[in-house]
Amino acid sequence: MIIETGREREPGGGETARGALLMLAAGIALGVAWNALHLARRPPGGLPWVARPQAVARLGTLEPPAGVALQSDTVATLAPRPTPGAPPRAAARPTNPAAYAQAATGPAAADPAPPPAVAAPAPASTPPVIPDVAGPLTIELPAFKQLYDANAALVVDAREPVPFAEGHIAGAISLPYNGALADPDRIAGLEPAHRAIVVYCSGGKCELAIDLAKFLVESGKRKVLVYQGGYPEWQAAGYPVARGMAEGARP
Amino acid sequence: VNALARVVASPVLIRPCRIALGLVLLAAALAKIGDPAALATQIRHYHMMPAGPENLLAITLPWIELLAGLALVLRFHARPGAWLAVAMMVVFTFAVAQAMARGLNFECGCFGAGDATRVGVKKLLENLALTAVAMVGVRRM
């Protein structure tokens with residue numbers, strides 16, 4: 001029986017499925033074409049076709065030899081600058097020289113952007129604390145604590161305001177990743193003293209901190225470090241924490 | 001039940017559902033289309049796929065949303081558009097659910113970097129509702 005409805009019904013399943021697939025293919029083609037266009041521009045925009053792995057080179061753990069009191073050491077003596085290409089100082093960490101080499105060469109490989117004017121290597125007699133390389137490095141708790149105690153780093157909390165208020169590393173400033181993207185002025189005003197910047201979040205893989213650190217580097221900041229242990233590890237170690245939204249307050 | 005079925009099947013309901021769905025998709029597409037890098041970052045936050053294809057998804061997803069949204073709003077091949085919308089909403093809903101199940105807490109990135117809605121119950125309900133709307137939209141009329 002044919003029902004006269006006065007208008008044609010929409011096509012059935014087969015044709016609809018074909019239409020949906022076509023639409024999908026057209027969307028993919030448009031996106032790829034658009035990105036190809038942007039990649040071809042000078043300077044290139046767009047995204048690389050395949051994402052690079054989220055690898056951040058490690059700064060050497062910088063642990064002092066056993067038996068050396070932490071507080072009596074200055075950070076500089078514990079963190080010799082790994083000059084790219086030069087062998088690491090054997091006396092600094094005889095057990096694991098590869099860590100320094102990795103710290104020196106890793107970020108260049110991990111960072112897709114060409115290093116913007118890497119500072120000339122400092123004379124060997126005055127080793128800087130943190131290698132001034134393009135791309136963030138990760139830092140472990142002992143080394144971070146030394147920086148912290150020497151007040152040699154700006155500590156940045158990449159988490160949202162709520163967890164920040166519930167507890168953060170004492171002295172940290174709150175800079176949520178998504179808020180940072182929206183506020184370039186604040187980024188530009190960060191750390192004019194050119195101390196190291198240590199970014200942390202809630203531990204684990206710590207995407208927020210890594211992403212924020214990369215963003216800071218892209219914004220022209222140097223000596224950006226990611227403390228991947230994050231707040232949980234810091235707190236568990238019994239180091240100073242603070243509550244509330246007040247920033248920068250240290251005991 | 002019969003009456004309800006007839007209402008769900010009637011163009012009076014299907015048409016506004018498709019238009020609304022189309023508008024949401026258009027808004028989502030336009031918010032994301034200009035900044036695939038930010039979208040790739042957001043996709044990475046979901047931990048759903050290996051890092052390699054994330055960029056490809058970020059490059060193409062807004063365009064698929066755009067085409068489906070246009071089809072729905074302009075009523076040009078609207079039904080295939082609604083099918084695509086259902087497929088996308090199911091995937092999005094699953095993405096939010098798995099992120100919640102793993103205790104991840106981040107912005108969903110659904111409407112670009114300016115959208116501060118976090119992955120959570122509200123987002124999940126929103127996605128479920130949109131999935132329902134899309135399911136009405138795929139009805140033949």
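User: How buried is B:Cys110?
Analyst: B:Cys110 has 17% relative accessibility, so B:Cys110 counts as buried. Buried means under 20% relative accessible area, exposed is over 50%, and partly exposed is in between (1.4 Å probe, protein chains only). One caution: this is a predicted model, where local features need pLDDT of at least 70, side-chain atom pairs count only at pLDDT 80 or more, and totals for chains, interfaces and linings use all residues. Residues are numbered from 1 along each chain as its sequence is written, chains are lettered from A and ligands numbered from 1 in the order in which they are written, and side-chain values use heavy atoms, with hydrogens and water left out.

User: Which residue is joined to B:Cys110 by a disulfide?
Analyst: That's B:Cys108, with an S to S distance of 2.0 Å. A disulfide here is a pair of cysteine sulfur atoms within 2.5 Å. B:Cys108 is at 3% relative accessibility, so B:Cys108 counts as buried too.

User: OK, new topic. What's chain B built from?
Analyst: Six helices and zero strands. Helices (H or I, at least four residues) and strands (E, at least two) are DSSP runs, numbered from the N terminus. Of the 141 residues in chain B, 51% count as buried.

User: Where is B:Thr93 in all that?
Analyst: B:Thr93 is in helix H5 of chain B, residues 78–101. It's at 10% relative accessibility, so it counts as buried.

User: And which side chain does the side chain of B:Thr93 make a polar contact with?
Analyst: The side chain of B:Thr131, at 3.3 Å. A polar contact is a pair of N or O atoms within 3.5 Å; within protein, one must be able to donate a hydrogen and the other to accept it, and residues adjacent in sequence count only if both atoms are side-chain atoms. Leaving out residues up to four places away in sequence, B:Thr93 also touches B:Leu124, B:Asn127 and B:Leu128.

User: What about chain A and chain B, how many residues are in contact?
Analyst: 33 residues of chain A are in contact with 35 of chain B, where contact means heavy atoms within 4.5 Å.

User: How many salt bridges between them?
Analyst: Two. In one of them, A:Asp211 pairs with B:Arg44, and the closest N and O atoms are 2.3 Å apart. A salt bridge means a side-chain nitrogen of Lys or Arg within 4 Å of a carboxyl oxygen of Asp or Glu.
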